[in-house]
Amino acid sequence: MGAKNNAKGKGEKGGKGGGKARAGKGRISGGVGNDYRGADFQHSQVQGSGTMQMFVQQYAPVPTATDSLPRLRADFTGRDDDIGFLLGVLDPGRTDGLPAHAVLSGWGGVGKTTLVHAAGRAAFERGWFTGVLMVNLRGYDPHPSQAEDALEALLRSLGVRPEHVPPPGAEREALYRSQLAARERAGERLLVIADNASRADQVRPLLPPGHHGLLTTSRRSLPGLGRMRTVPLLQPDDAVALLRAALRHNNPDDRRVDEEPEAAQQVAVACGCLPLALQITAGLLAGDPDQPLAERAERLTRAGRLEGIDDGEQSLRATFDQSFESLPLRQAELFRLLSLNPGPDISTAAVALLAEQPEAAVEKLLGHLAAAHLIERGPVRGRWQMHDLLREYAHEQATAQRERSRPSRRRYDQARTRLIGYYARTAEAADTHLEAGRATVAPLFPGREQALAWLDAERENLIATVRSEGPTQTAIKLGFSLGRYLESRRRLQDLVTIYSLVLDACTARGDTLNEAAAWRNLGFALYEVRRFDEAIDAHRKALVLFQRHADTHHEASAWDTLGAALYEVRRFDEALEAHRKALALFRQHADTLNEAGAWCNLGNSLREVRRFEEAIEAHRKALVLFQRHADTRHEASAWGNLGAALQEVRRFEEAIDAHQKALALYQQHADTHREASSWSNLGLALCGVRRFDEAVEAHRKALVLFQRHADTHREARAWNNLGTALREVRRFDEAIDAGERAAAMLAEEDDWFRTGEAWGELATTLEAAGADPGRVEGAWERSATAYTRAGATEEAESSRGHVNGPPPQQSAEEGPAAST
């Protein structure tokens, strides 16, 4: 803190008591006679015993205000927005009439103190303050400073002799305010920094009057003391910059961050982008200059990260200990329990179940933990999240508590069982609303939309639960319950992950019947991510197991999904055989709903072998069955497939009508992914009747929706279809651009047959545009090469001979695979 100094600064004249000095120019009233220039505030210490303590400040004989703040750390970075906020509060030119007071809260170690030092220095350099007073309230020490101790220290730094400081109480506060008021009348403006508060009552008596400023830092939100701001963790790039600066501060020749940028990013993320963790890690790296960053990153990503963020003098765990140990018992217990949640966030309802307490009581406790920055409010109201490092710390605390006694172990085990049971039961109930043709649904949700909303909110928790449960019946049931949801939301990689986990659980338990279902469902997921050879292998394994159990009903679904995968690798004869076997078995079981799906898939394969009338008949049979079941979602698919078959026999008006019916049904179900396919199909049919402008518009709509779903394969096909339509309206530059995009994207997807189609379409467009013959010939050659890679010999020869070129890209609907 500042020190008493009755001498005037060099070259300054004494001012009159009521005179006004320009802020920041060091002009100090002769009546007050104190100057804080040059003060060294780095050596504050507390002396005394018992409950009475006194701050003693070492200072230079001729202090100056610019030395009152410590030198900024060399690794300070990434806080422009926060400094901008603080300067906005401290700006003497503000006209809103609010006091220049702000409270910065956030994690221990997030850099709040350094930030206020930086903001204070920036404000002083702008001439906004004539002095700075600092006090460390040590809010998380075993014996925090009391407000009366801080007032005594501030009064002494203001020049009040010790014998004139009133005893603790109202008189001391009054003298503090009077001293600051006198400074204001003398033209001074002081900034008070109250660092590391844990309670509002530590700071409230320090609130300065008038135009003086106050910056408070705390690990808790402290309303009522000024404008509040939570200091966030650094952004990853800023965290890497901090690591680089810290290492170079120790050794200017340390270039590890620049030489290992990916490993540096991993280190920053493993440290949670927390400045203290990064500074400790930089110190450890400086002490081991030969250690590669990749090795440090690997250590930090193992279990027990907190052990790796400890240099013997500073420890992230010790910082967390200070915050945790300040919690009341009920808050501490809830903090530990939260670590039992397997996912990244949790709802208030789930916490209430976990803690066996009413929601209102739990919400209040959660609010206290959020105010202490040990958890955070999620982006959606009623949800809470915890940073990975704090989760690891909470898990350590829960483990220690659990191991203290058998009753403690039982209490924690029961809490987790309640939570996992809640996730599993509710997911199963939600799934009943997604199953087509189901007669009864669970009453837990009013309808499909509410079920989907709950699944959307809990998705990460549900997947984490399956992962954490291991080979249990709960994990198997929950995994199967998530299939329809993940497929409907196009969370396809999650779908592969879930069914892989379910398969592992079934195999470990020796549950071969569920293992068969897991193989079939995994095959479906692999099909959706275009890993067709693996899908075929998975379906064949499912078939063997279903046949071993004589489960002909599920065998039928495995045949059907196998046929769909064979279709994609253009093994059409095998696909036809698989779908016919599926049909026979579904009929044997009078399962007309899945029979309808098999008719759809059979119709698609018949279309590919140019048996168009049979394909049309198959799709009409599917349509009738879906309508009988009032399954409008799959009815839409049947309309789309029927329209595609009708196009092949040039019955374009009927095809347009079919695609419009499919489009309306998909829009009714808000199924924007399949809606996109309907727009593509409709665009192709519109081209057939030369309504090219409408076709262009339809393909653009398809393109937007496929991009929204990040479905790059179908997006590429949409680009190809759009290019064809643009060519027909002679918008050649746009058509060429679309065709080039399509060919490049399809090659990236390793779909060489459709890459061949795209290059053939592009060659046709280039020819129509009068492009250089060499460029046209190059496109045809690329088309032939792609077809050759796909094993499509006839199409390759057609491209080389330029015989009519390839047919237009048909973005036909695939029929629904058998129910999973």
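## Aromatic pairs

Tryptophan 454 counts as buried, at 13% relative accessibility. Phenylalanine 445 is buried as well, with a relative accessible area of 10%. Both values come from a predicted model.

The structure holds 12 aromatic pairs. In one of them, the rings of phenylalanine 320 and tyrosine 393 have their centres 5.5 Å apart, and their planes stand at 70°, so the pair is edge-to-face; the cut-off for that class is over 60 degrees. Phenylalanine 320 belongs to helix H12 (residues 316-325) and tyrosine 393 to helix H16 (residues 388-402), so that this pair, 73 residues apart, links distant parts of the chain. Phenylalanine 320 is buried, with a relative accessible area of 4%, and tyrosine 393 is buried with a value of 1%. For phenylalanine 445 and tryptophan 454, the ring centres are 6.2 Å apart and the planes are at 55°, so this pair is tilted.

Phe320 and Tyr393 are also members of one aromatic cluster, together with Trp107, Phe324 and Phe335.

## The five-strand sheet

Five strands form an open sheet with parallel pairing, in the order S4-S5-S6-S3-S7. Strand S4 (131-136) and strand S7 (227-230) are the edge strands, each pairing on one side only. From one strand to the next, the twist averages 15°.

Within this sheet, strand S3 (residues 100-105) and strand S6 (residues 213-218) pair in the parallel sense over six bridges. Alanine 102 has leucine 215 in S6 as its bridge partner. Helix H1 (residues 80-90) lies across S3, strand S5 (190-197), S6 and S7, and runs at about 155° to S3.

## The three-strand sheet

A further open sheet has three strands in the order S8-S10-S9, with antiparallel pairing. Strand S8 (345-347) and strand S9 (376-377) are at the edges; each has a single partner strand, so one side of each is left without a neighbour in the sheet.

S9 and strand S10 (residues 383-385) run antiparallel and are joined by two bridges. The bridge partner of glutamate 376 is glutamine 385, in S10. Helix H15 (residues 359-371) lies across S9 and S10, at about 35° to S10.

## The buried side of helix H10

In helix H10 (residues 293-300), the buried residues are Leu293, Arg296, Ala297 and Leu300. They cover an arc of only 100° around the axis, which puts them on the same side of H10. An α-helix has 3.6 residues a turn, so residues three or four places apart point the same way.

## The chain as a whole

The protein chain has 35 helices and 10 strands. Buried residues make up 54% of its 820 residues. The chain exposes about 35,400 Å², of which carbon and sulfur atoms supply 48%.

Among contacts in the protein chain with a separation of 6 or more, 67% are between residues 24 or more positions apart. The pair of phenylalanine 320 and tyrosine 393, 73 residues apart, links distant parts of the chain.

Technical notes: Residues are numbered from 1 along each chain as its sequence is written. This is a predicted model: local features need pLDDT of at least 70, side-chain atom pairs count only at pLDDT 80 or more; totals for chains, interfaces and linings use all residues. Side-chain values use heavy atoms; hydrogens and water are left out. Buried means under 20% relative accessible area, exposed over 50%, partly exposed in between (1.4 Å probe, protein chains only). Helices (H or I, at least four residues) and strands (E, at least two) are DSSP runs, numbered from the N terminus. The arc is that of the directions from the helix axis to the C-beta atoms. Contact means heavy atoms within 4.5 Å. Accessible areas come from the Shrake-Rupley method with a 1.4 Å probe; for residues, only the protein chains shown count as cover. Two strands pair if DSSP finds at least two bridges between them. Axes are lines fitted to C-alpha atoms, for helices over the stretch in contact, and angles run from 0 to 180 degrees between N-to-C directions. Rings of Phe, Tyr and Trp (its six-membered ring) pair if their centres lie within 6.5 Å; planes under 30 degrees apart count as stacked, over 60 as edge-to-face and the rest as tilted.
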